[in-house]
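Here is a short note for a colleague who is new to this entry. Please read the points with the structure open.

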Amino acid sequence: MLGHRILSALVGIPLFIAAVWYGNLFLLVFTGLLMVLAAVEIVALFQRINLYPPHGLAILGSLFLLGSSYLYRDAGLAGAVALVLFIILIFMVFLYPAFSPVEGAVTLLAILYTGLFVYIYLLRLLPDGWVWLTFTLVGTWSSDTVAYFAGKSWGRRQLAPALSPGKTVEGALGSIVGSILAAVAFIIIYPFLPRGLLLLLGLLLGVAAILGDLVESAFKRQAGVKDAGDIIPGHGGILDRFDSMLFTAPLVYYYVGMFIIS
């Protein structure tokens, strides 16, 4: 399993770094691909508990949020979410009972959850966006990696046994340590960055990574599966690999915009 994880990382990380480096349409297409695959996975999880949000609507809704971000950055997200909700309500009216309020609710949840991927693209659009998106990637991966080995080595107390019995308090602390270490590394590499603010961001990123992991665990626990998919050997699905980043990317985007760039 560890060998598969390392092999997947050796293939996937360079692709992601290339997307981050080139940005623009390359990153937009890459993010869109992640969103499509994630939407398919979240719909499949809902189907396992006899809820049937339409694949097409979930995918198109997610991509619509990405398209709005491309055209208007974060200024268009609120309007895009409102329009998506409006369309779902219209579907509910004309397709009831095949498309009930329950299906409408889980469709909206699927779109909004996978829509968090747009912050990967939006981070690159910030001033020095390359730095901030790289920080998010390195911080999240460092957090996940240290959490994994800390949990394996010293994990004793369960963190959230109802959601994920394998998650431990020690692993969660390792997650925070990993993200803070990433922040320290960036302070050394980019000494012009505000140290105190970056250290605090590192701490918050570790907490966000834990929450992102637990949220996806809730979906999987409800569906009765170990992994959301199997597209990435050793990691599972797209959601299994990017669950933490769905929380860390929005955090870094708004934190940097509010406290560092401003």
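Which side chains meet in a salt bridge with 3.0 Å from N to O, one of them being Lys220? The points below start there; note that the model is predicted.

1. The partner is Asp240: the side chains of Lys220 and Asp240 meet in a salt bridge, at 3.0 Å from N to O. Lys220 belongs to helix α9 and Asp240 to helix α10 (residues 238-242), so this pair ties together parts that are 20 residues apart in sequence. Lys220 and Asp240 are both buried.

2. Lys220 also meets the side chain of Glu216 in a salt bridge, at 3.4 Å from N to O. Here both residues lie in helix α9 (residues 195-223), four residues apart, which is about one turn of the helix. Glu216 is buried, as is Lys220.

3. The structure has five salt bridges. Another of them joins the side chains of Arg157 and Glu170, at 3.0 Å from N to O. Arg157 sits in the loop between α7 (129-154) and β1, and Glu170 in helix α8 (residues 169-189), so the pair ties together parts that are 13 residues apart in sequence. Glu170 counts as buried because its relative accessibility is 14%.

4. Strand β1 (residues 158-160) and strand β2 (residues 164-168) run antiparallel and are joined by two bridges. Ala160 has Ser164 in β2 as its bridge partner.

5. In one of them, Tyr148 and Phe149, the ring centres are 5.2 Å apart and the planes stand at 85 degrees, so the pair is edge-to-face. Tyr148 counts as partly exposed at 27% relative accessibility, and Phe149 as partly exposed at 41%. Elsewhere, Trp132, Phe135, Phe186, Tyr190 and Phe192 make up one aromatic cluster.

6. A nonpolar patch on the surface has about 840 Å² of accessible area together; among its residues are Phe64, Leu83, Phe86 and Leu95. Helix α4 (residues 77-95) gives the largest share of the patch, eight residues. Phe64 lies in helix α3 (residues 55-72) and counts as partly exposed, at 37% relative accessibility.

7. Helix α5 (residues 101-115) has 15 residues, which at 1.5 Å a residue should span 21 Å; the end C-alpha atoms are 20 Å apart, which agrees. The buried residues of α5 include Glu103, Val106, Leu108, Ile111 and Tyr113.

Methods. Residues are numbered from 1 along each chain as its sequence is written. This is a predicted model: local features need pLDDT of at least 70, side-chain atom pairs count only at pLDDT 80 or more; totals for chains, interfaces and linings use all residues. Side-chain values use heavy atoms; hydrogens and water are left out. Patches are made of residues with over 30% relative accessible area and no salt bridge: like charges are joined within 9 Å, nonpolar side chains (Val, Leu, Ile, Met, Phe, Trp, Tyr) within 5 Å. Accessible areas come from the Shrake-Rupley method with a 1.4 Å probe; for residues, only the protein chains shown count as cover. A salt bridge is a side-chain nitrogen of Lys or Arg within 4 Å of a carboxyl oxygen of Asp or Glu. Buried means under 20% relative accessible area, exposed over 50%, partly exposed in between (1.4 Å probe, protein chains only). The expected span of a helix is 1.5 Å times one less than its number of residues. Two strands pair if DSSP finds at least two bridges between them. Rings of Phe, Tyr and Trp (its six-membered ring) pair if their centres lie within 6.5 Å; planes under 30 degrees apart count as stacked, over 60 as edge-to-face and the rest as tilted.
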